[in-house]
Amino acid sequence: MMKPSDKALVPFVSVDHMMQLIHHVGLEEMIVGISEEIENDFKRWESFDKTPRVPAHSPHGVIELMPTSDGEAYGFKYVNGHPKNTSEGLQTVTAFGLLADVYTGYPTLLTEMTILTALRTAATSALVGKYLAPKGATTMAMIGNGAQSEFQCLAFKAICGIDTVRLYDTDPAATAKCAANLAGKGLTVITCTSGEEVIQGAQIITTCTADKKNATILTDNMIGAGVHINAIGGDCPGKTELHRDILLRSDIFVEYPEQTRIEGEIQALDADHPVTELWQVMTGAAKGRKDAQQITLFDSVGFAIEDFSALRFVKKAIKGTAYFEPLDMLADPDDPRDLFGMVQRSK
C-alpha cells in the first residue's frame, strides 16, 4: 500500500473535532474570534469576489453553494435548508466547507460547517448589533428557539453586553430546550407564551424561524420606536418573517443587496427600495444607528464572505492542536503527468 505524501494530505475537521475545538477555545471566545475575522474581512469587502449563492430548490428544501475568494484564498460552503427534516429526526441545516490556495488550487482545509455555520451566523448577528443596536441595550427577544437560538443569545451577550433574553417558540418544547441549555450561562432567561409577550421590554428582537413560507412572525403593531430587529430566518425566495409595513418604517441594512433582494425580507419591497450595505457602515462610509428612535433592521440571509472568515478562523485555531486529522484527499504521483502510473503502482 502506498503511503500518501504530505502534498496529498488536507487538514479535516470532523464534527467531533469541531466540538472539541469549541471547548478548547471557549464557545463565547470562538464566537468573538469569528466576529473579529468577519469584521476585518467586511472592511476589505472590495477585495473579494462576490456572487449570490447558487441554489437548487426542490419541493423538499434547498441545497446551495456559497463561494468567494480574496485573490489569495478561495472558500466555499455547501449548505442545505430542509425545514421538514426535524419531523424525521434530522437537522434542518447541514453544511461543510473548504478553503483552497488560489496560487496552486490545492485545498488547505476541509471542515464540517453545520456547527460552524451556527457560530458564524451568531457572530455576524451580534457584530451587526454592535453597530446598530440601541446604546445600552440589555434585553433581547429570541423568537424561534431551534438550533440557532442559544448561539444567538450567547453571541449578543459576549459582543453586545445583553444580560436578559426572552424566549418564544410556537413549540413550547423548543423554548424549554433553549432555556435549559442557557441555564448557568450568565443570562437571565424568561420564557414567554406569545409573540406579543416576548417583545415586551426588548431593545433587540431576533427572529429565527425555519418554515419555508412567507410568514408573519412580527406584525407592524408589535414594533415600537428605537428597537433593532435581527431578522435571520428569511433566507430564500418565498421565505420571510416580517410584515411588509415593518420594513417600510425601518432603516434596512444588508450584507449583499444582489442576494438579499432575492432571498431576504426585502424581496417583498420594490427592487429599488433603499438599503445600506453593512461593509460601508463598518468602514465608516455610511451611518449605522443615527438616533434613539430609529428602527434598524438587519435583513440577514448569510453571505459567503462570513463563511470564508469562519473557515480562516478555524484554519488558524487548529494549528498546533489535535483537533483535526490529515485526510488523504489529493493525488500526488511522482511524475505530475503520470497519474495512470500512480494507479498501477498501487497494486
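In these legends, a residue is called buried when its relative accessible area is under 20% and exposed when that area is over 50%. The views all come from a predicted model.

**View 1. Helix 5 has a buried side and an exposed one.**
Let us start with helix 5, which spans residues 172-182. Its buried residues are Ala174, Thr175, Cys178, Ala179 and Leu182. Looking down the helix axis, these buried residues fall within an arc of 130°, so they line one face of helix 5. The face turned away from that buried side carries Pro172 and Ala180, which are exposed. As for the partners of the buried residues, they pack against helix 4 (149-160), strand 8 (164-168) and strand 9 (188-191).

**View 2. The two ends of helix 5 involve aspartate 171 and glycine 184.**
At the start of helix 5, aspartate 171 places a side-chain oxygen within 3.0 Å of the backbone nitrogen of alanine 173. Past the other end, glycine 184 follows the helix and has a positive phi, near 75°.

**View 3. Strand 4 pairs with strand 3 and with strand 5.**
Here we zoom in on part of the sheet. Strand 3 (residues 61-69) and strand 4 (residues 73-81) run antiparallel and pair over eight bridges. Within this pairing, glutamate 64 stands opposite valine 79, and proline 67 has phenylalanine 76 as its bridge partner. The hairpin of strand 3 and strand 4 has three residues between the strands, and glycine 71 in this hairpin takes a positive phi near 95°. Strand 4 also pairs with strand 5 in the antiparallel sense, over seven bridges. There, valine 79 stands opposite alanine 95 of strand 5.

**View 4. Methionine 30 sits in the largest nonpolar core.**
This core has 64 residues, and the members that touch the most others are Met18, Met30, Ile34 and Val314. Helix 3 gives the most to the core, with nine residues. Leaving out residues up to four places away in sequence, methionine 30 touches Met18, Leu21, Ile22, Val25, Leu119, Phe313 and Val314. Another core, of 23 residues, lies apart from this one and includes Cys192, Ile199, Ile205 and Met222.

**View 5. Threonine 139 is a buried residue of strand 7.**
Strand 7 covers residues 139-143, and threonine 139 belongs to it. The relative accessibility of threonine 139 is 11%, so this residue counts as buried. Its side chain makes a polar contact of 3.4 Å with the side chain of threonine 138. Not counting residues up to four places away in sequence, threonine 139 touches Ile162, Thr164, Arg166, Gly201, Ala202, Gln203 and Ile204.

Conventions:
Residues are numbered from 1 along each chain as its sequence is written. This is a predicted model: local features need pLDDT of at least 70, side-chain atom pairs count only at pLDDT 80 or more; totals for chains, interfaces and linings use all residues. Side-chain values use heavy atoms; hydrogens and water are left out. Buried means under 20% relative accessible area, exposed over 50%, partly exposed in between (1.4 Å probe, protein chains only). Helices (H or I, at least four residues) and strands (E, at least two) are DSSP runs, numbered from the N terminus. The arc is that of the directions from the helix axis to the C-beta atoms. Contact means heavy atoms within 4.5 Å. A polar contact is a pair of N or O atoms within 3.5 Å; within protein, one must be able to donate a hydrogen and the other to accept it, and residues adjacent in sequence count only if both atoms are side-chain atoms. Two strands pair if DSSP finds at least two bridges between them. A nonpolar core is a set of buried Ala, Val, Leu, Ile, Met, Phe, Trp, Tyr and Cys residues joined through side-chain atoms within 4.5 Å.
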